[in-house]
2 protein chains.
Amino acid sequence: MSCDIPRIVMKFGGTSVADLDRIRKVAQTVKKQVGAGCEVAVVVSAMSGVTNQLVEYCQTLNPLYDPCEYDSIVATGEQVTSGLLAIALQTMGIKARSWSGWQIPIITDDAHGRARIKQIESAALIECMQAGVVPVIAGFQGIDENKRISTLGRGGSDTSAVALAASLNATRCDIYTDVDGIYTTDPRIVKKAKRIKAIAYEEMLELASVGAKVLQTRSVELAMKEQVRVQVLSSFEDHDPSREGSLPGSLVVSEDEIVEKEQVTGIAYSLNEAKVVVKGIPDFPGVASSIFRPLAEANINVDMIVQSSGTNQTTDMTFTVPKTDLLQVQQLLEQAKDTIKFSQLLTDEDVVKISVVGIGMRSHTGVANIMFKTLAERSINVQVISTSEIKVSVIVAAEYVELAVRALHTAYGLDQMND
Amino acid sequence: MSCDIPRIVMKFGGTSVADLDRIRKVAQTVKKQVGAGCEVAVVVSAMSGVTNQLVEYCQTLNPLYDPCEYDSIVATGEQVTSGLLAIALQTMGIKARSWSGWQIPIITDDAHGRARIKQIESAALIECMQAGVVPVIAGFQGIDENKRISTLGRGGSDTSAVALAASLNATRCDIYTDVDGIYTTDPRIVKKAKRIKAIAYEEMLELASVGAKVLQTRSVELAMKEQVRVQVLSSFEDHDPSREGSLPGSLVVSEDEIVEKEQVTGIAYSLNEAKVVVKGIPDFPGVASSIFRPLAEANINVDMIVQSSGTNQTTDMTFTVPKTDLLQVQQLLEQAKDTIKFSQLLTDEDVVKISVVGIGMRSHTGVANIMFKTLAERSINVQVISTSEIKVSVIVAAEYVELAVRALHTAYGLDQMND
């Protein structure tokens, strides 16, 4: 069973397979990887726009559509791409065949529309690869135990690819997308933003959840759990797959694989949060619960909770919530005013959350202090602070977002990273 | 197992499900049938235009595409429609679920792109219907024994529907299409053309193969073999399904079910054939074979063979071939001139084949004579004649097509059929 041939799972997103020309280009990329002596399995998304069209059909017929039928309908997009890429590969002389989720099968739970993979029967795929045939797998989909088609949620093809890489014991999972990697920060704000060559799963999760939309969060969690090495690459550039060291893109790996642990790997920001301040709450045990229970029951995601002393034995509670939920939060708290007994409810939508992330923080001190000092030098007032083992986040007024991100990028030495 | 509830298979073609509005209209038609107390299974085609788009993708990537991949790609069209119709039905309060070919499964041979159904496992569908859920089945598709998706060829959803009706022991298979039935002749030529209320399988086969493109020929053959009663209906008209007697459309059934057997049921014509005359062949045993073997080897479909005496112990051979094959036929015969030893090869593309069809011919004499007399009265010269048990076909000059068809329609009393 064991062999020394590297086994690579290559995943191509919707923009990478948007039309027949791009599908041909993808086939060339796969051909190069095969030519480099690898066993290759390919995972594809739907051609961009196709899934949206199918979702619109469902929503138009019935906004409360049956998720089982939705899954059966939208899963066809990936089925089409997998067949077309198989034909494109065959046309270039590469043996290939398409696999739908049910053919493998990829077994999921029955949470249709956002299913989770339970099991992948990889025997047939391994047989396929060992016979020199490239399996081209429809991403995003599986079947539940009743053989009904299920899908993994938007961006789910990333998760398909990582799960397949784990199941196939692949050397690496290459995610080809429309960006060429993960950057130290948003290049639209900071021209000197640099591609991160290697990033730890934990860092990626912190960066993804605060804005870097390169990989589906769940796929990173799965990669971390299964220890799958993920390479993020641009499908619009040419790579030489025979030399991993020279690969462009960003490698998402275990912390152990990262030799030089930077204090700060990246800086993320999010304009999607609003600040809520509940002032003048009598300071008694259980007060936090009286505020957050109604929000939890309404499935509102509360972030960055800070409690501070007020005056006269009262306390102030500050936290952030998604902007889209702010109105509901205000209503819920006003309704609970008799229980919470607060004196004042303040909200602010004109804020930005800025986070510096790096596993190096664990062994370096003073990372937070550099942040506060840098912002203070620009007279940027920090309204809320929250820290974790590998992240420091602050809330500041939204107008400072570019200034703050640029200043921090310089302050943490990210402008000078080796290229 | 037995029950008195009528079980109807309803099939809707591509134009009937062309957009969401039409899918909603189809759902209403199904709802009426369910409301009439029937167990209903539905078979759908792809939304019109979808299959063409997918076929074009395949052909653009590679004109010699892998038919296995082609099948996997084009079968998605029906899968989408089945899901959408299920949602539309649910929205109207009718329990429904979609079924793809592999879910049932419908097992076919492995002749991808033109597969034949070998077996349908109908147990799950019957269970579904008996639970009060309408199965909405993706037509045109099945799986081969290796679980790869197969398709039945263009128009294959008709065959799916008839095969399912046989397997489900259905009372009737209703084919909803963009015409409201089968006509005594082409209504574009003869304004008085009448809808045929009941037509025998054999007649339908003769009419279909000479031009009436309402049902896929193979579906009629299968209906005849399995004795499935097929009703052709327009999906753009309203029907009252509770009264079969009042159904518009045309019923395709066994000869036994047809009480009044007309001498002539319908008149068909085809402008797609060319006439070939091979003159002055030495009349020896095996001469026919020397002409037709090379054509058979080239897969050319020869029709209406007539041999007549020439002069001086020679013979003339006249036959028709598809116009698209005429050039190749000329080349093949010229190449075989040394073997056949004919004196002259004549061809004529300006001809039309006109056929009168009717199971009543078996018990009525003089049907052919009416044809010859009618044509002679209009000074239309008959060039070739061929007859079968239920059909008389002639070749005449193409310019007479409308005149001849109209005259024959009147001569056989078809203008006066009861409505």
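Residues count as buried under 20% relative accessible area, as exposed over 50%, and as partly exposed in between. The structure described here is a predicted model. The predictor gives the complex an ipTM of 0.84 and a pTM of 0.86. In chain A, the average pLDDT is 91, and 95% of the residues score at least 70.

Salt bridges were searched for across the whole structure. The search finds 34 of them over all chains. One lies in chain B, where the side chains of Lys279(B) and Asp316(B) meet at 3.6 Å, N to O. This pair links distant parts of the chain. Lys279(B) sits in strand β14 (residues 273–282), Asp316(B) in strand β16 (residues 314–322), and 37 residues separate them. Lys279(B) has a relative accessible area of 28%, so it is partly exposed. Asp316(B), at 12% relative accessibility, counts as buried.

Salt bridges also occur in chain A. Arg148(A) pairs with Glu69(A), and their closest N and O atoms are 3.0 Å apart. The two residues come from distant parts of the chain, 79 residues apart. Arg148(A) belongs to the loop between β7 (141–143) and β8 (149–151), whereas Glu69(A) belongs to helix α3 (residues 67–74). Arg148(A) counts as buried because its relative accessibility is 12%. Glu69(A) is buried too, at 0%.

Another salt bridge joins Glu206(A) and Lys391(A), at 3.1 Å from N to O. Here the partners are 185 residues apart. Helix α7 (residues 201–209) of chain A holds Glu206(A), and strand β20 (residues 391–397) holds Lys391(A). Both Glu206(A) and Lys391(A) are buried.

Attention then turned to an annotated site. An unreviewed UniProt entry lists Thr51(A) and Glu78(A) under "binding site". The two positions are spread over 28 residues of sequence, yet they cluster in space, with a largest C-alpha distance of 8.7 Å.

Thr51(A) lies in helix α2 (residues 50–61) of chain A. Its relative accessibility is 9%, so Thr51(A) counts as buried. Leaving aside residues up to four places away in sequence, Thr51(A) touches Ala46(A), Val74(A), Glu78(A) and Arg154(A).

Glu78(A) is placed in helix α4 (residues 76–91) of chain A. With a relative accessible area of 4%, Glu78(A) is buried. Beyond residues up to four places away in sequence, the contacts of Glu78(A) include Val44(A), Ser45(A), Ala46(A) and Thr51(A). Also among them are Ala138(A), Gly139(A), Phe140(A), Gln141(A) and Ser157(A).

Methods. Residues numbered from 1 in each chain as written. Chains lettered and ligands numbered in written order. Predicted model: local features only at pLDDT ≥ 70, side-chain atom pairs only at ≥ 80, totals over all residues. Heavy atoms only, no water. Salt bridge = Lys/Arg side-chain N within 4 Å of Asp/Glu carboxyl O. Helix = DSSP H or I, 4+ residues; strand = E, 2+ residues; numbered from the N terminus. Buried < 20%, exposed > 50% of the residue type's maximum accessible area, 1.4 Å probe, protein only. pLDDT = per-residue confidence, 0-100. UniProt positions renumbered as here; feature names shortened; annotations may be inferred. Contact = heavy atoms within 4.5 Å.
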